[in-house]
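Below is a brief report on one protein chain. It covers a charged pair, the segment around that pair, and the overall surface.

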Amino acid sequence: MTQGRSITARLAWPSALRLNLRALLLLVLLLACLGSAMAVIAVSHLTREQYAALQQLEREQQQLQTEWGQLLLEESAWSSPARIEHLAVERLEMRLPGVEEVEVIQP
């Protein structure tokens, strides 16, 4: 009788071990699946945040480009030759010299 029990105990032990290995493998696969799902969620969230930041920077770039164009127009208006000549005559009392006031210097 003791011999029969030891045979069944020996036969039952590998199947119990196989069951535990399957359960362990199932648990590992479940954890891997959950880990990859969390990674997908985290990456999706970061992608959306980065895309929102990119859109904000593009809006800012467009505003700065518009401001740059306006500043270029303003600069061209302030530095026009007619305006500079007008200011030279008005504020600095400058004038073109007459023919008799021109002296030619030769080296």
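Arg95 is exposed, at 60% relative accessibility. Exposed means over 50% relative accessible area, buried under 20%, and partly exposed in between (1.4 Å probe, protein chains only). The model is predicted: local features need pLDDT of at least 70, side-chain atom pairs count only at pLDDT 80 or more, and totals for chains, interfaces and linings use all residues. Residues are numbered from 1 along each chain as its sequence is written, and side-chain values use heavy atoms, with hydrogens and water left out.

The side chain of Arg95 forms a salt bridge with that of Glu101, at 3.1 Å from N to O. The term requires a side-chain nitrogen of Lys or Arg within 4 Å of a carboxyl oxygen of Asp or Glu. Side chains of opposite charge can pair when their charged atoms come close. By the salt-bridge rule, the count is 1. Glu101 is partly exposed, at 41% relative accessibility. The side chains of Arg95 and Glu101 also make a polar contact of 3.1 Å. That term covers a pair of N or O atoms within 3.5 Å; within protein, one must be able to donate a hydrogen and the other to accept it, and residues adjacent in sequence count only if both atoms are side-chain atoms.

## After helix 2

Arg95 sits in the segment after helix 2. Its C-alpha atom is 9.1 Å from that of Glu85, 10 residues apart along the chain.

Glu93 lies in the segment after helix 2 (81-90). Its phi is near 55°, a positive value in a residue other than glycine. Most residues other than glycine have a negative phi. Glu93 is exposed, with 68% relative accessibility.

## Fold and surface

The protein chain has 2 helices and 0 strands. These are DSSP runs numbered from the N terminus: helices are H or I with at least four residues, strands E with at least two. Of the 107 residues, 1% count as buried. The accessible surface comes to about 10,500 Å², with 65% belonging to carbon and sulfur atoms. Areas come from the Shrake-Rupley method with a 1.4 Å probe; for residues, only the protein chains shown count as cover.

Leu21, Leu24, Leu27, Val28, Leu30, Leu31 and Leu34 make a nonpolar surface patch of about 670 Å². Patch residues have over 30% relative accessible area and no salt bridge; like charges are joined within 9 Å, nonpolar side chains (Val, Leu, Ile, Met, Phe, Trp, Tyr) within 5 Å. Leu34 belongs to helix 1 (residues 2-78). Leu34 is partly exposed, with a relative accessible area of 49%.
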